[in-house]
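Hello! Here is the structure I promised to pass along.

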Amino acid sequence: MLSKKVEKALNNQIRIEAESSQVYLSMASWAEVKGLEGIAGFMYDHSDEERMHMLKLIKYVNERGGHAQISELKAPKTEFGTFQKMFEELYQHEIFVSKSINDIVHITLEEKDYATHNFLQWYVSEQIEEEALARTILDKISLIGNDKGGLYLFDRDLQQINVES
Ligand code: OFO
């Protein structure tokens, strides 16, 4: 059985994962209308992944005798300026998510909830991967600079990342 404190923290994370899914969906749509197919595909996939993170939390909360709450979500922005800025935002967003996961891990220790602590390790590893991937992408972007041919290849590269993941 989850303590009220852990249940509340997990419910907050359910909302964060749902909002992350919306943020990346909005990025996907922005990239798609700009003709950046590879980037759009990457963001659509990422949006699906965040929904999966959310569902995993919902199932866990309900399985442990809690009640997963589906709440209203903050609307994501719809304009991202440049694809460089958009990926910088993605990176910052993942750092924010990692911090939020770490805070819950901390709460589970305070509450001596070792089952939830164990469950959250999957998210801890996932965040390490997501931050690393975002950093790799930002490194690639800084190599391209304003080169149009570079952007073309970068967009194609991201399509490749989609296929592999
Ligand atoms: Fe991007 O890992 Fe969930 O939010």
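**What turned up**

Among contacts in the chain between residues at least 6 apart in sequence, 76% join residues at least 24 apart; two residues are in contact if their C-beta atoms, placed from the backbone, lie within 7 Å. Please keep in mind that this is a predicted model, where local features need pLDDT of at least 70, side-chain atom pairs count only at pLDDT 80 or more, and totals for chains, interfaces and linings use all residues. Residues are numbered from 1 along each chain as its sequence is written.

The chain has five helices and zero strands, running α-α-α-α-α from the N terminus on. Helices (H or I, at least four residues) and strands (E, at least two) are DSSP runs, numbered from the N terminus. The C-alpha atoms fill a box of roughly 55 × 25 × 25 Å along the principal axes.

Of the 165 residues, 31% count as buried, that is, with 20 or more other C-beta atoms within 10 Å of their own C-beta, placed from the backbone. A nonpolar core is a set of buried Ala, Val, Leu, Ile, Met, Phe, Trp, Tyr and Cys residues joined through C-beta atoms within 7 Å. The largest one has 18 residues, and Met27, Ala28, Ala31, Ile39, Ala40, Met43 and Phe83 touch the most other members. At least two residues each come from α1 (4–33), α2 (37–63), α3 (83–110) and α5 (148–164), with α1 giving the most, six.

Beyond its neighbours within four places in sequence, Ile39 is in contact with Ala31, Phe83, Asp155 and Leu158. There is also a second, separate core of 15 residues, including Leu2, Val97, Ile101 and Ile104.

How values were computed
Buried ≥ 20, exposed ≤ 12 C-beta atoms within 10 Å, placed from the backbone.
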